[in-house]
Every structure is written in C-alpha cells, then in structure tokens.
Amino acid sequence: MKQQPQNTRLRNAGFLTFFFSGICAISSGVVVSLLQEKYGFAYGMTGTLLSLMSIGNLLAGFLTGVLPGVLGFKPSVLLLTTGYALGYGMMGLSGAELLLSVSFFLVGIAKGSAMNACTILVSDNSADRTWGMNLMHSCYACGALLCPFLIAAAGRVSTGLALLVLAALGVIIWFIYLTTPMGGQGSTKSKTGKEKIDWSFLHSVQFWLLTGLLFCQNAAEQSVTGWMVTYFKGSGIITGALAAYTVTVMWGATLVARLLIAFVFPFKQPRKAMVVMGVGCTIFYFFLMQAHTQGAAILLLFAFAFAMAGMNPTAVASAGKMTSVTSMGIMLPAASSGAILMPWIIGRVAERAGLAVGMACNIVPCIGLVIFAILVARMPEEN
C-alpha cells in the first residue's frame, strides 16, 4: 500500500494517542499502589480495582465494535475516550471505594477504546502491518516508560496533582481524536451507504487461537504491571520509591524490544517467533518468582518484559485481513478478559496464602502463551 498524506496523518494520530494512552493506562498500576498506601486497602480491594479497569477495557472493545454502526467511528471514539479525563479526575476527588471503583472502570473504558481506535488507524494506514503494529506498541511503551517519572514529579506536590495531570493527558488524547479526520475508518459501506459488517472471521480457527494467545498475554502482562510494584514493596526485595520505578525497567525493556523488531530485526517467521517469545516469558517469570535480591529481580523483570514485548503486536498483525472494527471488537475485549480474571485471582489468593503465592499463579497464563503459540504456528496462514 502506497503511503498517502492522509494515510500518514491517520497512522501518526494512532502513534501519538497510543503514546499518551501508555502513560495513562500503565499509571494505573502505580496509582493503585499509592492509593493502597494512602487509604489502607486490602489486597482484595486492590485486585478488584485492577479488575474493574479490565472490565471497562473489555466493555469498550465490544462498544467500539458496535457503536460505529450507530454513531459513526469518530463519535464513538470521542465518547469512549473521555474515560481517562473523567476517571483520573474523579480519583483526585475522594478515596471512597465506590467512587474509585467507578473511576478505574472509566479508565478501563478509555484504555480499551484507545487500543481499538489506534489499532484500526495504524493497521489500516500502514504499508507493513507488522512494522506499524510494533512501532505503535513502541509508542505505548514510551509512554509507559515515562509514567513513573511523571507521577513522581507531580506527586512531590500531592497525589491529587498527579491524578489531575493524568486527567489532563486524557483531555489531550480526546482533543487529538477530535481534530483527526476519521471518516470511513474501519468499516465497509454497502451500496445503500449503511455499514456492511463481515462476520466471516468468526469461522476462522486461527482467529480464535490468536484470541486465546492474547487472552494469556493480557492476563500475564496485566498481572505484572498491576501487581509487581505492590509485590516488590511487600516482599522487601525492592523497597521505597525505587519499587515504583520497576515499571520503568519493564517498559524500558518493552520499548527496546519493539524498536528492535520494527527497525533492526524484523520477524521473517512471526509465528515461530511467538513460540520463542512464549517460552522466554515462561522461563523468565519462573525465575523472577525465585529472585531474592534486588539485582536479580530487576534483571529478570527486564528479561520477562523483553520476551513479552513483541507478542501482542505480532499476534494482532497475524490476523491480517481479518482486522476490522468488528473483528477487533471481538478479539481485543475477549482477550482482555484475561486481564480481568488474573489480577483478581492473584488478589484473592494473596489474601489467603500471601502475595508471593498469588503472584506465582501467574505462571499459568505464561504456559498458556506457549501452548497457543504452538497451535497458531501449526495452522496454515490465512490472508
């Protein structure tokens, strides 16, 4: 596909908004740790807040698959991405559990809608889907990398200010979408002008295997990003403010890996690469749970994130021509249910058997990555 100025503008809008979404979405893992310290939440409540964010993410995926047929693609994106501004704004108002629950849910809505919108903007307007998706996720990793520094700088004044800064970034995301022409993105029009939805992807075994792979990837990644700061603080492996910067370690590794994939070592055989990444994630996570020193923990977290980095964009890119608003509205939210289930399970197990045991449970989705990656690799490729 030859790159036209309009294609480039839409693609770049996806890159930019996903960068800011990386800051807002990943900040939730640091924010929930700060809120737990401030208000004394039990592990169960912390896990519930993270799961509510993932439930919002799930719902957003379905809504962004359905609402464009009613409101249009751009109005749907504008409506759903208000969640960052509203959610973080509300968190700064009160520590009431109900209000915080609603806030995390709204942040999840925004996260899911931004993911879907950026996936469509980039995949539909990139000459090379795998390159575009890895670069898009690199932008997300850049934002995630910066989030602890941003929160720390604003948090020196107050936690409330940090939350308001995140709300302001949500306004910026919304404004970029407002000023970006999105007419016709991610949809097919029939002769009558109504949106024509192609449901053929539902009959594809490859589609569901990729969805299962992403389910495990979401479960494993969200558990680490949501719980690792709390785990390091609670275990005493990494103490004080330094624990919050483990998010920077993780997303620094993610950024390096995705940039290498996009520009230096592009995958010639993406399916086999996913098998290798799945095996790497499982091995490194197992040893991460055995780490008892600060240096070993940081090194293994870096290795785990590095191995995980290319899994999501490569899996989505492997969907090929099945990528549409509707298919992504099924695949991404179905996969994100893993990010709902696993953090909640960790919280419940942690209350009964300790956080170390809870975090050890996350090895299950890591093994799932290997299984689904092997199954996808054995499937004939679909165009």
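Which helices each supply at least two residues of the lining of the largest cavity? In this predicted model, they are H1 (5–39), H2 (43–66), H5 (97–123), H6 (129–155), H8 (205–235), H9 (246–264) and H13 (325–353). Helices are DSSP runs of H or I with at least four residues, numbered from the N terminus. Residue numbers start from 1 along each chain as its sequence is written, and side-chain values use heavy atoms, without hydrogens or water. Local features need pLDDT of at least 70 and side-chain atom pairs count only at pLDDT 80 or more, while totals for chains, interfaces and linings use all residues.

**Largest cavity**

- The structure holds 3 cavities of 30 Å³ or more. A cavity is a set of points, on a 1 Å grid over the protein atoms alone, where a 1.4 Å probe fits but cannot get out.
- The largest cavity has about 320 Å³ of space. A volume is the space filled by probe spheres set on the grid points, which are joined across faces, edges and corners.
- Its lining has 25 residues. Lining residues have an atom within 4 Å of a point.
- Nearest the centre of the largest cavity lie Asn-57, Lys-111, Met-115, Asn-218 and Asn-312.
- H8 gives the most to this lining, with 6 residues.
- By class, the lining has 10 nonpolar, 12 polar and 3 charged residues. Nonpolar covers Ala, Val, Leu, Ile, Met, Phe, Trp, Tyr, Cys and Pro; charged covers Asp, Glu, Lys and Arg; the others, Gly among them, are polar.
- Domain 1 and domain 2 each give at least three residues to the lining of the largest cavity.

**Second largest cavity**

- About 50 Å³ of space lies in the second largest cavity.
- Residues lining the second largest cavity include Val-224, Thr-225, Met-228, Trp-251 and Leu-301.
- H8 and H9 each supply at least two residues of this lining.
- The lining of the second largest cavity has 7 nonpolar residues, 2 polar and no charged.

**Domains and their contact**

- The domain assignment gives domain 1 (7–184) and domain 2 (203–382). Such bounds come from an automatic or database assignment.
- The C-alpha centres of domain 1 and domain 2 lie 19 Å apart.
- Contact means heavy atoms within 4.5 Å.
- About 4,000 Å² is buried between domain 1 and domain 2, and carbon and sulfur atoms give 69% of that area. Buried area is the accessible area (1.4 Å probe) that two parts lose on being put together, summed over both.
- Tyr-43, Asn-134 and Leu-145 lose the most area in domain 1 to domain 2, together 15% of what that side buries.

**Individual residues**

- Phe-207 lies in helix H8. Phe-207 counts as buried because its relative accessibility is 0%. Buried means under 20% relative accessible area, exposed over 50%, and partly exposed in between (1.4 Å probe, protein chains only).
- Phe-207 and Ser-327 are 120 residues apart along the chain, with 8.9 Å between their C-alpha atoms.
- Gln-222 is also found in H8. Gln-222 has a relative accessible area of 7%, so it is buried.
- Leaving out residues up to four places away in sequence, Gln-222 touches Leu-50, Met-53, Ser-54, Lys-111, Trp-227, Ala-339 and Pro-343.
- Asn-12 lies in helix H1. Asn-12 is partly exposed because its relative accessible area is 35%.
- C-alpha to C-alpha, Asn-12 and Ile-363 are 36 Å apart in space, and they are 351 residues apart in sequence.

Technical notes: On a 1 Å grid over the protein atoms alone, a cavity is a set of points where a 1.4 Å probe fits but cannot get out, and a pocket is an open set with protein on both sides within 12 Å along at least five of seven lines; lining residues have an atom within 4 Å of a point.
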